[in-house]
Amino acid sequence: MASGLPYEDAIAFGYDPASNAPARPRRIPLDKAQIAQACDMLAAPGTTVTATAQSLGVSTQTIYRHVLGRPWTR
């Protein structure tokens with residue numbers, strides 16, 4: 001960028017992203033058993049979304065999306 005040339009991934013990272021781009025597998029944040037466990041935890045009085053997320057090792061946003069069914073909005 002300092003040279004005034006347009007940005008290109010191939011130059012910046014030393015590979016052509018159009019071919020042989022590394023693929024990162026997408027994993028499901030929670031399986032069905034973990035979702036059921038989170039629902040049970042949240043049904044208990046005094047349990048918070050934050051505590052549930054910490055016990056499952058995920059973010060609070062994951063709990064909102066996948067357990068409580070609140071879609072992510074921008």
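Analyst: Happy to! Let's begin with T62, which has its place in helix α4. Helices here are DSSP runs of H or I with at least four residues, strands are runs of E with at least two, and both are numbered from the N terminus. Keep in mind that this is a predicted model, where local features need pLDDT of at least 70, side-chain atom pairs count only at pLDDT 80 or more, and totals for chains, interfaces and linings use all residues. Residues are numbered from 1 along each chain as its sequence is written, and side-chain values use heavy atoms, with hydrogens and water left out.

User: Is T62 buried or exposed?

Analyst: T62 counts as buried, because its relative accessibility is 13%. The cut-offs are under 20% relative accessible area for buried, over 50% for exposed, and partly exposed in between, with a 1.4 Å probe and protein chains only.

User: And what does T62 touch?

Analyst: Not counting residues up to four places away in sequence, T62 touches P29, L30 and V67. A contact here means heavy atoms within 4.5 Å. The side chain of T62 is also joined to that of S59 by a polar contact of 3.0 Å. A polar contact is a pair of N or O atoms within 3.5 Å; within protein, one must be able to donate a hydrogen and the other to accept it, and residues adjacent in sequence count only if both atoms are side-chain atoms.

User: Which residues of α4 are buried?

Analyst: In α4, the buried ones are T62, I63 and V67. Seen down the axis of α4, they fall within an arc of 100°, so they line one face of the helix. The arc is that of the directions from the helix axis to the C-beta atoms.

User: Why would residues a few places apart point the same way?

Analyst: An α-helix has 3.6 residues a turn, so residues three or four places apart point the same way.

User: Nice. What do the buried residues of α4 pack against?

Analyst: They pack against α2 (32–43) and α3. After α4 comes G69, which has a positive phi, near 70°.

User: How much of the chain is buried?

Analyst: Of its 74 residues, 14% count as buried. The chain exposes about 6,100 Å², and carbon and sulfur atoms supply 55% of that. These areas come from the Shrake-Rupley method with a 1.4 Å probe, and for residues only the protein chains shown count as cover.

User: Which residues make up the largest nonpolar core?

Analyst: There are eight: L30, A38, V49, A53, L56, V58, I63 and V67. Both α3 (49–56) and α4 (60–67) supply at least two residues each, and the largest share, three residues, comes from α3. A nonpolar core is a set of buried Ala, Val, Leu, Ile, Met, Phe, Trp, Tyr and Cys residues joined through side-chain atoms within 4.5 Å.

User: Tell me about A38 then. Where is A38 found, and what is it in contact with?

Analyst: A38 is found in helix α2, and at 0% relative accessibility it counts as buried. Leaving aside neighbours within four places in sequence, A38 is in contact with T52, L56, I63 and V67. The C-alpha atoms of A38 and H66 are 9.8 Å apart, while the two residues are 28 residues apart along the chain.

User: T52 came up there. What else is T52 in contact with?

Analyst: Besides A38, the contacts of T52 are M41, L42, T47 and I63, again leaving aside neighbours within four places in sequence. T52 lies in helix α3 and is buried, with a relative accessible area of 0%.

User: Which residues of α3 are buried, and what covers them?

Analyst: The buried residues of α3 are V49, T52, A53 and L56. Looking down the axis of α3, they fall within an arc of 95°, so they line one face of the helix. Their cover includes α2 and α4. Following α3 is G57, with a positive phi near 75°.

User: Last one: is R65 buried or partly exposed?

Analyst: R65, which lies in helix α4, counts as partly exposed at 36% relative accessibility. R65 touches R70 and W72, not counting residues up to four places away in sequence.
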